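Biologist: I am new to this structure and would like a close look at one part. Please take me through the surroundings of the ligand.

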Amino acid sequence: MSLDLDGLTLSPELADLMQRLTDTATTLQRIIARNGITEDLSAAQGVNAGGDGQKALDVIADEAFKDALKDSAVLYYASEEDDDYITFDGGNLALAIDPLDGSSNIDVNVTIGTIFSVFPAAATPEASFLRKGREQIAGGFIIYGPQLALIASFGDGVHKWVFDPDTGRFERLADLGKIPTGKAEFAINASNARHWPAPVKAYLDDLLAGETGPRGKNYNARWVASLVAETYRILHRGGVFLYPGDGREGYARGRLRHLYECAPIAMLIEQAGGAATDGVNPILDEVPTKLHERTPLVFGPVAEVKRVALYFTDPARAAQAADDQL
Ligand SMILES: O=P(O)(O)OC[C@H]1O[C@](O)(COP(=O)(O)O)[C@@H](O)[C@@H]1O
Ligand SMILES: [Mg+2]
Ligand SMILES: [Mg+2]
């Protein structure tokens, strides 16, 4: 096995799936490393079911994962790149996947990833996937960056592996602990500020006011436009992420997809002692009604995410409340 699963009690089917996902990731990493030599992986390929333009690598990644799942325990497959659920001759698992996350970064050599969510297979694809994210048996992502890495949770904390190109193995490193608190750093696409709802505008105004404002400190901003990269950073050094709904046409529920982006990220964040909401309600308690459903997403340390919620529910207290009163 090239993925070290020692010490984890995964069912044989889930262990096999994790192995297949990471084997495919090493293939994709090699393809990504050669971008531009014989093929332009950012070339436009059409439009997916969610209305996003597809890049060559979106399609290559989706096909690679589908191929890798032949004869696996995955019965139902739900992908960002497919209009509908796909049924395989599988067994007891249902896999939702964003095969290639952060695709606007392919042509600029910036970190991209694959996000995955695993449920027990039920009688139909809808019954398997359209349920609370709390019922996931695995959630995580693979990140194609300076390092190829895997971050995953099976409901017992957040585990981390780094691919060693010398041995061809994903080596398991120390589990990630709690998301660090107190890091004055936020991630939001500020170009949408004029479209944000009032609570989000007010929250960001208070952060941007810096040490003379209500939060009393200066904040740093980061926006990689790659959910896997923002999540990796926040899990390791803290800070808060927001992709809210906004006033642009089609963005009332933000941009990110509940099933194969937000639910697995929310599982990791909660397992790291943080919180992930749609602004107010926990993502993992919400039930999507369709495959490509969007949801606003806010995540980070619990106190900060609760404070964001106060801007929606009790704006008068939002900036002033002490962390332990949130
Ligand atoms: O370009 P925007 O609106 O800032 O959106 C960036 C967000 O879109 C995404 O790239 C969406 O994912 P895909 O690349 O899988 O479509 C996220 O990774 C990222 O957080
Ligand atoms: Mg994505
Ligand atoms: Mg994608």
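**The shell around ligand 1**

Modeller: Sorted by class, the residues of the shell around ligand 1 are six nonpolar, four polar and six charged. This is a predicted model, and in it 16 residues surround ligand 1. The closest of them are D101, N189, L227, Y243 and R255. Strand β5, which spans residues 93–101, gives the largest share of the shell, with three residues.

The shell draws on two domains. Because domain 1 (12–175) and domain 2 (185–325) both contribute residues to the shell, ligand 1 lies between them. The space that ligand 1 takes up is the largest pocket.

Oxygen atoms of the ligand also pair with side chains. R255, one of the closest residues, has a polar side-chain atom 2.8 Å from an oxygen atom of ligand 1. In the side chain of D98, an N or O atom is 3.0 Å from an oxygen atom of ligand 1. For W223, too, an N or O atom of the side chain is 3.0 Å from a ligand 1 oxygen atom. On its own, ligand 1 has 480 Å² of accessible area, and the protein covers 90% of that area.

Key. Residues are numbered from 1 along each chain as its sequence is written. Chains are lettered from A and ligands numbered from 1 in the order in which they are written. This is a predicted model: local features need pLDDT of at least 70, side-chain atom pairs count only at pLDDT 80 or more; totals for chains, interfaces and linings use all residues. Side-chain values use heavy atoms; hydrogens and water are left out. A residue is near a molecule or strand if one of its heavy atoms lies within 4 Å of it. A polar contact is a pair of N or O atoms within 3.5 Å; within protein, one must be able to donate a hydrogen and the other to accept it, and residues adjacent in sequence count only if both atoms are side-chain atoms. Accessible areas come from the Shrake-Rupley method with a 1.4 Å probe; for residues, only the protein chains shown count as cover. On a 1 Å grid over the protein atoms alone, a cavity is a set of points where a 1.4 Å probe fits but cannot get out, and a pocket is an open set with protein on both sides within 12 Å along at least five of seven lines; lining residues have an atom within 4 Å of a point. A molecule sits in a cavity or pocket if more than half of its atoms lie within 2 Å of its grid points. Helices (H or I, at least four residues) and strands (E, at least two) are DSSP runs, numbered from the N terminus. Ala, Val, Leu, Ile, Met, Phe, Trp, Tyr, Cys and Pro count as nonpolar, Asp, Glu, Lys and Arg as charged, and the others, Gly among them, as polar. Domain bounds come from an automatic or database domain assignment.
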